[in-house]
There are 4 protein chains.
Amino acid sequence: MAETLIKVDLNQSAYENENIHNRWHPDIPMACWVNPGDDFILETYDWTGGFIKNNDSADDVRDIDLSIVHFLSGPVGVKGAEPGDLLVVDLLDIGAKQESQWGFNGFFSKKNGGGFLTDHFPLAQKSIWDFHGLYTSSRHIPGVNFAGLIHPGLIGCLPDPAMLATWNEREAALIATDPQRVPGLANPPFASTAHMGRLSGDAHARAAAEGARTVPPREHGGNCDIKDLSRGSKVYFPVYVDGAGLSVGDLHFSQGDGEITFCGAIEMAGWVHMKVELIKGGMAKYGIRNPIFKPSPITPNYNDYLIFEGISVDEQGKQHYLDVHIAYRQACLNAIEYLTKFGYSRAQAYSILGTAPVQGHISGVVDVPNACATLWLPTQIFDFDIRPTAAGPVRHIAAGGVDLPLSPDRV
Amino acid sequence: MAETLIKVDLNQSAYENENIHNRWHPDIPMACWVNPGDDFILETYDWTGGFIKNNDSADDVRDIDLSIVHFLSGPVGVKGAEPGDLLVVDLLDIGAKQESQWGFNGFFSKKNGGGFLTDHFPLAQKSIWDFHGLYTSSRHIPGVNFAGLIHPGLIGCLPDPAMLATWNEREAALIATDPQRVPGLANPPFASTAHMGRLSGDAHARAAAEGARTVPPREHGGNCDIKDLSRGSKVYFPVYVDGAGLSVGDLHFSQGDGEITFCGAIEMAGWVHMKVELIKGGMAKYGIRNPIFKPSPITPNYNDYLIFEGISVDEQGKQHYLDVHIAYRQACLNAIEYLTKFGYSRAQAYSILGTAPVQGHISGVVDVPNACATLWLPTQIFDFDIRPTAAGPVRHIAAGGVDLPLSPDRV
Amino acid sequence: MAETLIKVDLNQSAYENENIHNRWHPDIPMACWVNPGDDFILETYDWTGGFIKNNDSADDVRDIDLSIVHFLSGPVGVKGAEPGDLLVVDLLDIGAKQESQWGFNGFFSKKNGGGFLTDHFPLAQKSIWDFHGLYTSSRHIPGVNFAGLIHPGLIGCLPDPAMLATWNEREAALIATDPQRVPGLANPPFASTAHMGRLSGDAHARAAAEGARTVPPREHGGNCDIKDLSRGSKVYFPVYVDGAGLSVGDLHFSQGDGEITFCGAIEMAGWVHMKVELIKGGMAKYGIRNPIFKPSPITPNYNDYLIFEGISVDEQGKQHYLDVHIAYRQACLNAIEYLTKFGYSRAQAYSILGTAPVQGHISGVVDVPNACATLWLPTQIFDFDIRPTAAGPVRHIAAGGVDLPLSPDRV
Amino acid sequence: MAETLIKVDLNQSAYENENIHNRWHPDIPMACWVNPGDDFILETYDWTGGFIKNNDSADDVRDIDLSIVHFLSGPVGVKGAEPGDLLVVDLLDIGAKQESQWGFNGFFSKKNGGGFLTDHFPLAQKSIWDFHGLYTSSRHIPGVNFAGLIHPGLIGCLPDPAMLATWNEREAALIATDPQRVPGLANPPFASTAHMGRLSGDAHARAAAEGARTVPPREHGGNCDIKDLSRGSKVYFPVYVDGAGLSVGDLHFSQGDGEITFCGAIEMAGWVHMKVELIKGGMAKYGIRNPIFKPSPITPNYNDYLIFEGISVDEQGKQHYLDVHIAYRQACLNAIEYLTKFGYSRAQAYSILGTAPVQGHISGVVDVPNACATLWLPTQIFDFDIRPTAAGPVRHIAAGGVDLPLSPDRV
């Protein structure tokens, strides 16, 4: 078995583990070094560092301080890596920690993070998913069972100072357009909950003050939440600093395109077995600005879908111009409405869209003024037949049965 | 063989064919009637009614009057269909007209329609694609050959008066926010080029004055340009008027997600073999607002992809808030840049993205402030290996070879 | 559209068409010539030349003179082709004749041809399959509908005299081991029903006397009945004579692995659109003895199967040594038994296995003394759920409903 | 994590582990009991109990006493299971033991076991395969790397006395037809190396004397070596004794259809996570004689193949009657010959066919006298392009490089 270079103790605070960090900054010291061609294992916390528990209350989802996320394992230094190279990462395998065969999915309160459908689901809710080998199911959502498309939500290399400055500037400019918005338009650096790996003292203070938050995907990849960047895939990352500085975390047992529930996919603590190699000068050779990747040959092969369309007219009937975001929201709402006809609560349906290997396609973006997006719901994940028939839907999910725990906002 | 209920003569003007229309209006008379359970064939013009020719000049793309599109075959009345029903349409097969085994793809001038990347490709360009049975290739783009994912860009049922009014009102409101914009935010009714099927005289004039343009997808489906709504799929359409009034046109031999080139996919004249059935009261039974569909069991199975990421930071480095449209544009630009390393012109690369069975996924839409979109480029459509290697790219496409014809704007 | 080089009139006897032949012999003159790089269309009779009719009697299946088959279109001469080359054939598309949108499947009487399960189905039976665009269904077998995996059962190049002699010798030697067997072990040359294309007079008589029968697959390919050699595939054929002499026929709308019903797949008259190229000296370069091919990117993607195992112990409980033939027979019998639990007659079940895109795998061939074969039955072709449940099977097919016509042997 | 009910210490002899057995007999006591609905883990030895080592000599393959195989973990008793039930087994996940991330493939000497191509490869050879997460590669076979299709070669329930008697009788009858044959036609009971689990003393002696060898697949499943019975699949096993008595072993990291190399697939020690349920009376309800199964949604999705045909004419040119075994052998030999053109030794090519996810299809079994079999070689497992081109093959594998270790027979 390959060596485990970073270990994680789920009973220990992530802040006490010096091979963990929760901000992006070029000054974060390498946690360890490897050679091109090496394969190795990194263990990871779940993205919240264990804040969300395997229980039947959504209080933790409601109460979490989101400035603490995401707890990443790394950075791993790769000898010989230089700015302008491509770091080739084979995700050889990914799994949940043996002692932690479960994950969570939830909706944040609109007052604390929100989500894609936060106007429809403004309160904290949570579902727990148990892992059964390759499969998962939830005690909060009957009738659904599917194979995991296991992937890291967040992976990428350290930015250099110039790139970090660019990130902070452009995001600050956006925040400045509506600084009081809830949830905020973006998240600025926030020193008091920053975990900068092995940095301490003044160096920690300096870096924490300007370290970029880990929430958005950026040029280096980062929190892309791309479900298909899954175990077995091969990723080509831009390198910005000597040694590359690869970090990873936010593992997902499964996720639908868009990670629409935000909290989030099926979130888990686990491990990543990976191998690294270099393409020297690869960024220029291939004109690379963002990571590119080849998908895995091993993914769930559900191929029978029910596909929902959405257009960029919003819930109030207002016309938007080629807005894929709104179009996809409509497709999601259409799918949720459909699933309620079989007995699911709207929250259960929303959670299915956020966790199952649902596809979200940008179908049409030129037919003014409407964008068209499609949501692909795999039919084979349900215990019953969800296709439309002349007889109409049968309520397979009993009314008055289980639902997602909900925690009202504190007053 | 099933009966051909609507025939099209490519040597005759679409305006002279009374089973064709290019606006949506409930008053357009049914071109023919069928019973639930019937299967039948409708022939169609290409979406421009034959305006674009199989030659090596983009003048026609530059000069087309876009108020004439799309020429649709229908409406077909289905006996017993009533508002609130779902019309189940099996797309049993679709093909090009035997005498017309070719299609076109192009970019409109920014002054006349534009497109997804119109700021990058502001002038009219065109490529011609020849069909070889299941496959297509273009004399303007060497090194690419792929199987067609044949589908109608546009299909749906007639709106009722209330829905038509809704469409016109909300789109007029959008136009009113920037009426002088080029290209326009939306297209209002335009009587002088309206073809209302068999309507004539005052009835024609009244309907033409308020008939909705066919460009955008709307609640009834319409110009969705969904590549996976392909031959072999089964679609469930909302019914708004007695008889349903199903029309179809804008056939595509193939298209990438987004139909980003706008003019458009690989556009062709052809025929659709379809079967219709009804789910009485199906809209309420299943909570249907937009069409839903099941994909075909027969589609090109290219499964090896190179995947490009894009985030919602625009070409000028400006940060946008969860804007999937901009994120997908960046993914497209990244893919275009990559393909130029193998010798393609940027126009050739753009055309490949618009025509090949490229997937566009909404990967992350909650990680503020960046949306993440991915463009999936199938590697098996190329004659050579486009994957990155340590040695760097080989220029398989000779410099100074063929390129897409370009027609500068008239002054 | 590509040129149709060989036309077929279904109202004319195949014997009257000089571009048809039903034996293999190097002296058969080329029906036409093409250049490498050309694409063209050949029309074909069904393999029986129209003997089997679209009706509800199996008399024609019982009474057919099997010495007349298979009626092939060709041979097509390819300029520049020489012995030792590989003829690369792209099967660009294949379809049924427009005026003949149906096919047949049947079981021959054990006294006249037999089949894989002839001891279980010793009498002539027939089912008729109607084509609905990409799909087919049969009025004799309710509850089944699937997309066609359209392919030629028979395609290959002319043998040279030495190869022809080898075929005749080795098959004669086999026949000599049990010359009275019914059905025969093999079929020797038989002049009286031979159709040798344009040959006439003495040349015809000489060639007819030694022309190899078309029934078995041989080194050149020939009657391989490989379902995956389907439209869209690319085949590399050995060339034995100058000009290659490519012939094709026996088109199938669909077939299960093994073509176990012998009469046969879903047999149809149709057309093949193909393109030819040469790899000079390719047989030696690649060590080719039999054709090789690349499958099509467009095939039915049914991916949910119920898989039946069989081992090489026969129906009487006798142990055979690593006999895949017997193992596959047991797997087929197991599947038939299973399907009867849902209401199908055994003949209907047998016909489904012969026509649907069923896979037959050679699973284990070394675990003495039992070979293990598996039959993969796609579940998505059924209107109902055929998977096992704790509740037991539901009879979806009504007892006393339709069944396959049967014609007892004449006495 | 589910409980591990049977543990295996690779440093301990399998004979010392009382939860292991290497014969089939109804008297073998249950190693443990579970309830329907339980999921649990069983660890397993490799099929030889650790005899074959991770080194570069084939001496162990040459010298192994094959009467010791296969070492199985079990039997597991399922409460409430009765003869006539179906035992539903979900293979939730399967993996190699953490401390043993490698497997072996080999050819037995013709004098000691042989194999499918033993006349072509009569001497002992071996290749070692290292596991890298989801992937495997061999230091003895360059240029090949593929994802594992992990499965148990051997799994099934205990026979009852009547079935055991049937097995022994019919196999003895076969052996009696040629008792001196090398390798033998079948393997009779052999007490001296029998491991009967917890049985000891007279009970052991009685059972060992009549315990069926584990080599062949039989009615209960057993050593089916079906590559697609992989992790994630759901299997329905016939039950013959109270408690069912499920045993499993002979884990494979990957295997080609047929397991043609016999020693064997990529053989490994590991663990199986499974869940059991019952369908009471299921054998009669569904007419089940042999196990049936549903394949996994998670398997390597290599979909580009080069397909080789073989017919039932043997290497000496002799004609056989519809013999799929010989046809598949020819297809294998054709593929081996082809691969040598790229630089592989014949032994390397043979090993690839035995280990990679190669498909073997029974293509035609009715076209007298030739059966037609096809071997599907996935092209995406090679580092280089193996498709034929006009330029001819390029030798990617250096001559004089590594090859499989070979151990000549002892004299």
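Me: In what sense do E20(C) and strand E18 of chain D pair?
Reply: First, a caveat: this is a predicted model, where local features need pLDDT of at least 70, side-chain atom pairs count only at pLDDT 80 or more, and totals for chains, interfaces and linings use all residues. Residues are numbered from 1 along each chain as its sequence is written, with chains lettered from A and ligands numbered from 1 in the order written. Strands are DSSP runs (E, at least two residues; helices are H or I, at least four), numbered from the N terminus, and two of them pair if DSSP finds at least two bridges between them. E20(C) and E18(D), residues 292-294, have 2 bridges, and the sense is antiparallel.

Me: Which residue stands opposite C:Phe308?
Reply: Look across to E18(D) for this one. The residue facing C:Phe308 there is D:Ile292.

Me: How many residues does chain D give to the contact with chain C?
Reply: Two residues are in contact if their C-beta atoms, placed from the backbone, lie within 7 Å. Chain C puts in 81 residues, and chain D gives 81.

Me: Which elements of chain C give two or more residues to that side?
Reply: Among them are strands E12 (217-218) and E18 (292-294). The helices include H2 (161-175), H4 (282-286) and H5 (324-340). Also including strands, there are E20 (305-311), E21 (359-364) and E22 (372-378).
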